[in-house]
Amino acid sequence: MTTARRGLAVLAAALLGACVPYPGALPDGGGSSAPTPESSFGAISGAFPGLDAGAADQQSLHFDVKAYGSDVAAAVSSSAEQDYQNIMTDTGLYSFQPKGLYHIVIYGSQDEYRKKTGQPDWSAGVCVGNAIYTWVSPRLSGVLAHEMTHLIWFEFMGGSLSPQQRWVNEGLAVYEESKAANRGNELFAALLPGLRAAPLPMDQIENLAPNTERAYDASLWYAQAESMVRFLIERGGRIGFAQFLTALRDGQTFDQAVSAGFPGQWRALADYYADWKRSLS
Ligand SMILES: [Zn+2]
């Protein structure tokens, strides 16, 4: 990875908040200079400097975890597999098969994470290509589930995410984060009265996503995205949610995706939005 490319990846990560497809051709991509969206994913290592010598490495069905200490690697590995199952269950994407192992790098401290990834103070984790970088902290289980949702999204969607789709991606990520951290509705509890009193209009949800994830847990946009995705999954149903995501991946509009995923419930995005808003009261 060239310095320029690494800089690009980090810049894009900072702008998008947490997760970016790997920019350009893969290092082992055979020299292709015009990658297809799919080839933005692959066995990428070295987007950021890895762990120091002597770190443990644990592989499982979907993950390759590197951490300091085999006990930490084993614990992260089993929690990651559990998160993966939860995400597959909630999204209904049982037929989805990742192309290879996802990489998880657990630095020993926030200091090491910041020095090696160049991420800002507030960043709890970042994903680039098919790898998650974070560190040992009390928030680790939630961070893993959040970042993993983004990895799976990018691979399932062929590396594509329009700005208007970010509410689904982030809403799902914070929904999974809440569940992994066993926090139920607590993550955004303080924001719920404000959300009930004055929910953001749909066009603001689509077009005014925050530029970063700084203080996202105090963001009405994030709280609403979580609530809206929770409603799609828990009221609309997981099978319908899979069809909704598949329609988005296939380039359909939100209106088409809503009616494809939830026929008989909502004819278009506005129907769903109105129903979600009624559910708040
Ligand atoms: Zn996120």
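Two residues are in contact if their C-beta atoms, placed from the backbone, lie within 7 Å. Keep that in mind for the views below, which all come from a predicted model.

**View 1. The whole chain, before zooming in.** Count through the chain and you get 11 helices and 6 strands. Of its 281 residues, 42% count as buried. Now take the contacts with a separation of 6 or more: residues 24 or more positions apart account for 59% of them.

View 2. A residue is called buried if 20 or more other C-beta atoms lie within 10 Å of its own.

View 3. On the β2 partner, residues 56–59, the pairing with β3 is antiparallel and runs over 4 bridges. Look for Asp-57, which stands opposite Lys-66 of β3. With β4, residues 102–107, β3 pairs in the parallel sense, over 4 bridges. This time the pair to find is Asp-64 opposite His-103 in β4.

**View 4. From β3 to β4 by way of a helix.** Helix α2 covers residues 70–91, and together with β3 and β4 it makes a left-handed β-α-β unit. In the loop between α2 and β4 you'll find Gly-100. Is Gly-100 buried or partly exposed? Gly-100 has 13 other C-beta atoms within 10 Å, so it is partly exposed. Check out His-62 too: it is 38 residues from Gly-100 along the chain, yet their C-alpha atoms are separated by 7.3 Å.

**View 5. Helix α2 meets helix α5.** Two packed helices are described by the angle between their axes and the distance between the axes. For α2 and α5 (residues 166–180), the axes come within 11 Å and cross at roughly 130 degrees. That angle makes α2 oblique to α5. The crossing of these two helices is right-handed. Which residues of α2 meet α5? They are Asp-83, Asn-86, Ile-87 and Asp-90, and in α5 they meet Glu-176, Lys-179 and Ala-180.

Definitions and conventions
Residues are numbered from 1 along each chain as its sequence is written. This is a predicted model: local features need pLDDT of at least 70, side-chain atom pairs count only at pLDDT 80 or more; totals for chains, interfaces and linings use all residues. Two strands pair if DSSP finds at least two bridges between them. A crossover is right-handed if, with the strands pointing away from the viewer, the path from the first strand over the helix to the second runs clockwise. A residue is buried if 20 or more other C-beta atoms lie within 10 Å of its own, exposed if 12 or fewer, and partly exposed in between; C-beta atoms are placed from the backbone. Axes are lines fitted to C-alpha atoms, for helices over the stretch in contact, and angles run from 0 to 180 degrees between N-to-C directions. Angles under 35 degrees count as roughly parallel, over 145 as roughly antiparallel, 65 to 115 as roughly perpendicular and the rest as oblique. A crossing is left-handed if the near helix is turned anticlockwise from the far one by less than a right angle, and right-handed if clockwise.
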